[in-house]
Amino acid sequence: MEEVDQPEAMQLANHQQFINWESLSKELEKVTFELNTLTYRLSHDFNAPLSSILGLIDLIELEHGDIASQYLHMMRGRINRMRDIIRDLVYSSRMQNQTSVIENADLSTIIQREILELSDLNNYHKLKINTQILGDCPIKTDLFRLRIIINCLVSNSINYANLINKKPSVKVQAKCSTKDLQILIKDNGIGIPQEQQLKVFEMFYRGTHASNGSGLGLFLVQKAVHQMNGTISLKSESGKGTTVKITVPNHFS
């Protein structure tokens, strides 16, 4: 058997170390870019709704009656937008730094809790949210990231509901097996045009200027799914609604 002399062995080791460092450097550059972009965009997104709130408060002080009520409604919308931005910022930061922790999960409780947390959204009481749990098996998964996925997807469905529709609705369906967990979020909202569907998972992408979201929701969902070694698919038709399907491993054994 041919022996590798010491200089050659050191050269091979150094080469492997260089490859490892190069890979790490590229990953670090990617993370740094995302954080820099996040900081720049959020500095603008925080200031815009705060300025709007201050302006609306000034108007309320001058007006009375129904007009004041309209302004208060607008204020609620601005505040909710700011809360969404803060939420997504926290999610993004924690997902980058928090390692995966696998825990036992009560699927029904998790879904109901995340839906209830969205009850302050303007459209929440204007549509019907249906939940369905299929399969009766123990679940063990990354609860932190699962909650992000459910929260962001249901939030999107509520925010982009088609209120012209006589029966605006969101369906949240979960199906479990000993192998995996499937989450289906289906709505009959405004939908996503075909030409935009490849871009919706990009950081800060907003389909329209009228969008009140942070532009981080679907980006965070996709990132959480990938960190859980899962898959995600999206089907949507403009004016008819959107369906997002998530499949992640069930670690229960």
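**Exercise 1.** Is D180 buried or exposed?

*Solution.* A word on the model comes before the steps. The model is predicted, so local features need pLDDT of at least 70 and side-chain atom pairs pLDDT 80 or more, while totals for chains, interfaces and linings use all residues. Residues are numbered from 1 along each chain as its sequence is written, and side-chain values use heavy atoms, without hydrogens or water.

Step 1: D180 has a relative accessible area of 17%. Step 2: buried means under 20%, exposed over 50%, and partly exposed in between, with a 1.4 Å probe and protein chains only. Step 3: D180 is therefore buried.

**Exercise 2.** Which residues is D180 in contact with, leaving aside its neighbours within four places in sequence?

*Solution.* Step 1: contact means heavy atoms within 4.5 Å. Step 2: the partners are K175, T247, V248, P249 and N250. Step 3: look also at H251, 71 residues away along the chain, whose C-alpha atom is separated from that of D180 by 7.8 Å.

**Exercise 3.** Where is N229 found, and is N229 buried or exposed?

*Solution.* Step 1: helices (H or I, at least four residues) and strands (E, at least two) are DSSP runs, numbered from the N terminus. Step 2: N229 is in the loop between helix 5 and strand 6. Step 3: its relative accessible area is 65%, so N229 is exposed. Step 4: the phi of N229 is near 60 degrees, a positive value in a residue other than glycine.
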